[in-house]
Amino acid sequence: MASKTAFIGVGVMGEAILAGLIRGGRPVEELLVGEKRAERAAELTEKYGVEVVSNVEAVRAADTVTLVVKPQDMATVLAEIRPELRAGQLVVSLAAGITTAWIEDRVPAGVAVVRVMPNTPALVDQGISAISPGTHCDDEHLATAEALLADTGRVVRVPESQQNAVTAVSGSGPAYIFYIVEAMIDAGVMLGLPRPLSTELAIQTLFGSATMLRETGTHPTILREQVTSPGGTTAAALRYLEDHRVKAAFLSAMEACRDRAEQLAAGS
């Protein structure tokens with residue numbers, strides 16, 4: 001019998017992973033969704049052909065249980081499904097800040113737990129997910145988690161002690177990029193460009209720059225220096241950013257992100 005994977009919580013990220021698995025060739029018969037809202041259940045069935053049942057039924061039938069719920073909802077969900085969890089089953093958690101130890105304390109002994117920090121570019125198959133094993137997790141469990149996420153982008157293994165830092169860099173990272181692009185577009189409009197043109201210029205500049213970083217493997221400092229002529233326009237702009245301590249602000253922002261992830265783990 002083929003193993004089954006259950007999804008508890010199919011919001012934006014949960015649906016992205018579900019859709020990625022189906023695009024990657026996973027038979028829908030091997031997938032289950034736990035969903036209480038009838039309207040959402042009907043939508044998922046119509047869109048993907050996947051079977052939608054209660055959370056308890058999904059967990060009872062599955063070998064792998066993927067929890068894509070908000071950190072503040074995790075305790076309630078685990079209390080609901082705990083009676084159906086069993087030793088050897090794999091729980092994959094995508095909740096920011098929630099540790100594997102915290103989950104292990106709330107599930108039966110012997111349940112394997114993998115912690116994941118994904119990001120939203122998974123929606124276009126360009127995400128990156130960092131995974132970490134819990135106490136009862138072996139290489140086979142990690143490989144199962146990697147296969148679950150591989151169709152939505154890259155997957156890396158990290159020590160769990162690094163997960164909150166991963167959250168600060170890649171988990172929340174898309175928001176920083178969108179914030180910068182938003183500022184560039186608004187600046188272009190302020191400087192006299194039509195908004196559609198400013199938008200196209202900013203987005204393509206972002207895409208091209210990211211492609212250069214990926215394909216050349218060149219350090220970003222070198223690429224930045226290649227654009228920056230002594231005494232030129234770019235140098236003037238970068239000096240202004242340095243004067244306003246933009247890099248220091250990014251460091252502080254990412255520290256705040258990491259600290260908030262730690263607070264979520266502590267339940268505050």
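Thr-64 has a relative accessibility of 8%, so it counts as buried, the limit being under 20%. This is a predicted model, so please take what follows as a description of a prediction. Thr-64 sits in strand E4, which covers residues 64-67. Setting aside residues up to four places away in sequence, Thr-64 touches Lys-4, Thr-5, Ala-6, Leu-90, Val-92 and Thr-144.

Where is Lys-4 placed? Lys-4 belongs to the segment before strand E1, and E1 is residues 5-8. Its relative accessibility is 22%, and Lys-4 therefore counts as partly exposed. With neighbours within four places in sequence left aside, Lys-4 is in contact with Glu-29, Glu-30, Leu-32, Ala-61, Ala-62, Asp-63 and Thr-64. For a distance across the chain, take Lys-4 and Ile-128: they are 124 residues apart in sequence, and their C-alpha atoms are 24 Å apart in space.

Now the chain as a whole. The protein chain has twelve helices and eight strands. Its C-alpha atoms fill a box of roughly 65 × 40 × 35 Å along the principal axes. There are 268 residues in the protein chain, and 37% of them count as buried. If we look at contacts between residues at least 6 apart in sequence, 62% join residues at least 24 apart.

On to helix H2, residues 38-48. Which residues of H2 are buried? They are Arg-40, Ala-41, Leu-44 and Tyr-48. These four cover an arc of only 100° around the axis, so they lie on the same side of H2. The face of H2 turned away from the buried side carries exposed residues, namely Ala-38, Glu-39 and Glu-46. What covers the buried residues of H2? The cover includes helix H1 (12-23), strand E2 (31-34) and strand E3 (51-53). Just after H2 comes Gly-49, with a positive phi of about 75°.

Next, two helix pairs that share H8. I start with H7 and H8. Helix H7 is residues 163-171, and it packs with H8 at an angle of about 30°, the axes being 5 Å apart. Angles under 35 degrees count as roughly parallel, and H7 and H8 are therefore roughly parallel to each other. On the H7 side, the contact is made by Ala-168, Val-169, Ser-170 and Gly-171; on the H8 side, by Gly-173, Pro-174 and Tyr-176. By class, this contact of H7 with H8 has four nonpolar residues, three polar and no charged ones.

The other pair is H8, residues 173-190, with H9, residues 195-216. How far apart are the axes of H8 and H9, and at what angle do the helices pack? The axes are 8 Å apart, and the angle is about 140°. Because of that angle, H8 is oblique to H9. The crossing in which H8 passes H9 is right-handed. H8 contributes Ile-177, Val-181, Met-184, Ile-185, Asp-186, Gly-188 and Val-189 to the contact, and H9 contributes Arg-195, Ser-198, Thr-199, Ala-202, Ile-203 and Leu-206. By class, the contact of H8 with H9 has eight nonpolar, three polar and two charged residues.

To recap the helix pairs: H7 and H8 are roughly parallel, and H8 is oblique to H9. I will stop there and take questions.

Note on methods
Residues numbered from 1 in each chain as written. Predicted model: local features only at pLDDT ≥ 70, side-chain atom pairs only at ≥ 80, totals over all residues. Heavy atoms only, no water. Buried < 20%, exposed > 50% of the residue type's maximum accessible area, 1.4 Å probe, protein only. Arc of directions from axis to C-beta. Contact = heavy atoms within 4.5 Å. Axes fitted to C-alpha atoms, helices over the stretch in contact; angles between N-to-C directions. Parallel < 35°, antiparallel > 145°, perpendicular 65-115°, else oblique. Left-handed = near helix turned anticlockwise from the far one by under 90°. Nonpolar A, V, L, I, M, F, W, Y, C, P; charged D, E, K, R; others polar.
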